[in-house]
Amino acid sequence: MISNFVARVLRAVVKLTLLAFGLVVMLGLLLLAVAGLLVALLRYVFTGRKPVAFTAFTQFRQASQQFRRGGQPGSGMGQAAHAGGVDGMNDVVDVQAREVGVPAGSDNAIRTPQPQIQGPKT
């Protein structure tokens, strides 16, 4: 009876200790994130350079808008290329494929070494 009471109290103490430890870790990570944000903000204010994460997300957003409009990255063309507004962009040129080889009698012919066949040694 007393051992059950002691076990329940110890279990409650362990649970509260783990909960408190988890809260301390969580608050520490939150404070670390806020401190990093403040450092980045102060650095932006004093140097005038935008934080790296901000510029990376801005570039990502611009790239995704290009793909949403239907353009290709770096082309600077949006819907105009797909609407036929650019001359020469909708022309399809078919070509005939052929093999280009070196004539057999020329000096540039590829020579494969012939295997040396030797008879059995006696």
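Predicted model: local features only at pLDDT ≥ 70, side-chain atom pairs only at ≥ 80, totals over all residues.
Of the 122 residues in the protein, 3% are buried.

The secondary structure consists of two helices and zero strands. Helix α1 covers residues 2-47. This helix has 46 residues, and the distance from its first C-alpha to its last is 67 Å, close to the 68 Å expected at 1.5 Å a residue. Just after α1, a positive phi of about 85 degrees is found at G48.

A nonpolar patch on the surface is formed by L27, L30, V34, L38, L41, L42, Y44, V45 and F46, which together have about 900 Å² of accessible area. Among these residues, L27 lies in α1. The relative accessible area of L27 is 47%, so this residue is classed as partly exposed, the range between 20% and 50%. In an α-helix there are 3.6 residues a turn, so residues three or four places apart point the same way.

The mean pLDDT of the protein is 78, with 70% of residues reaching 70 or more. Over residues 78-85, the pLDDT is below 50.

Conventions
Residues numbered from 1 in each chain as written. Heavy atoms only, no water. Patch = residues over 30% accessible without salt bridge, like charges linked within 9 Å, V, L, I, M, F, W, Y side chains within 5 Å. Areas by Shrake-Rupley, 256 points an atom, 1.4 Å probe, with all protein chains shown as cover. Salt bridge = Lys/Arg side-chain N within 4 Å of Asp/Glu carboxyl O. Helix = DSSP H or I, 4+ residues; strand = E, 2+ residues; numbered from the N terminus. Buried < 20%, exposed > 50% of the residue type's maximum accessible area, 1.4 Å probe, protein only. pLDDT = per-residue confidence, 0-100. Contact = heavy atoms within 4.5 Å. Expected span 1.5 Å × (residues − 1).
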